[in-house]
Amino acid sequence: MRERALREFEAVFEQASIPVLDIQEVTLRKVSVVVKGIALDASVLKLGDYFRERHGATVVTHWVDGFPEAVDDARHRGMEVLEQSFASTAELVGQVSIAKSQLVVVGEHEEVAQRVVDFDDLVVGMKPPVLVLRKEIDRAEDVFNRILHSLTGRFRQTQNFAYSFSMVPTGGRVMLLHMIDENELADVREVLEGEGSIDDVERATLLERLAHVGERYLKGVVASQRGKQYDVAYRLGVGDVLTSVRDELSRGDYGLVIVGCHHEGHSHVEAADYQLMHEVSEVPVLAL
């Protein structure tokens, strides 16, 4: 009974976490940048330049109604500027959809941005991932040299890895941080107990099995990137995701944090990812 319960628990996690290891990179052909007439616009446009120069992307500029001066810099940089401004999050989502952009870059300043753009609605409503800045950047290339990608136990779409591996430059580094949430583990155990699928399995045994599957998964992802001109590493642990990400940020010179899951053209942001999306301000955050 005990072994059967462990196998059932492992199967639940395996089904949700084992990826297809043929990970294809994303070709960024079109990127949308959002200017609002705030100080962060300059950093947003720097990133637009970067995507155009490194990835060969067409950069489309969306601008807030009432701030036509915010687009002058974009025009001088040779970016495509939409004739029509936007006055709401819904209008911006519609413009990006029509533009068929694969990534949206936006600056988020609480005192100004919330008047026009609701960041939560933007992430949920957008099909492409959203890269948000809450602090000015000096050099756009520094954002992508060291990437911290925070994973969850139900991570399953290879497209999510594709953004990390497509953005990191030659000589850069991607750290895959996979934290096992003990509260989530307890929830799964409780469900299995309720269904009669598990009886007397100790927490330590469950964690051991879960960590074994998770490590095999991460090793497979790292192995899929062998021979690339950048480094990929992973760290697997048990604990609070927000605390673990903050600890890792304090240890490494990271320029970008990636959170969330992109599935069937839509963003899926869990509670821990939501916190990271709002509370990490020292580096840009890419919400998939």
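**Exercise 1. In this predicted model, find which residues of helix α11 (residues 241-251) are buried and where they lie around the axis.**

Step 1. List the buried residues of α11. They are Val241, Leu242, Ser244, Val245, Glu248 and Leu249.

Step 2. Identify the packing partners. The buried residues of α11 pack against the strands β6, β7 (173-180), β8 (231-238) and β9 (256-259), and against helix α12 (271-279).

Step 3. Inspect the start of α11. There, the backbone nitrogen of Leu242 has a side-chain oxygen of Asp240 within 3.3 Å.

**Exercise 2. Decide whether Ser150 is buried or exposed.**

Step 1. Ser150 belongs to strand β6 (residues 146-151).

Step 2. Apply the cut-off. Buried means under 20% relative accessible area. Ser150 has 3%, so Ser150 is buried.

Step 3. Look for contacts beyond four places in sequence. Ser150 touches Leu177, Val241, Val245, Ile258, Val259 and Leu276.

**Exercise 3. Find which members of the largest nonpolar core touch the most other members.**

Step 1. Take the core of 46 residues. Leu47, Phe51, Val105 and Met167 touch the most other members.

Step 2. Follow Phe51. Beyond four places in sequence, its contacts include Leu28, Val31, Leu103, Val105, Leu131, Phe144 and Met167.

Step 3. Look for a separate core. Another one, of 33 residues, lies apart from it and includes Val64, Val106, Leu148 and Tyr254.

Key: Residues numbered from 1 in each chain as written. Predicted model: local features only at pLDDT ≥ 70, side-chain atom pairs only at ≥ 80, totals over all residues. Heavy atoms only, no water. Core = buried A, V, L, I, M, F, W, Y, C linked by side-chain atoms within 4.5 Å. Buried < 20%, exposed > 50% of the residue type's maximum accessible area, 1.4 Å probe, protein only. Contact = heavy atoms within 4.5 Å. Helix = DSSP H or I, 4+ residues; strand = E, 2+ residues; numbered from the N terminus. Arc of directions from axis to C-beta. Polar contact = N/O pair within 3.5 Å; in protein donor to acceptor, adjacent residues only side chain to side chain.
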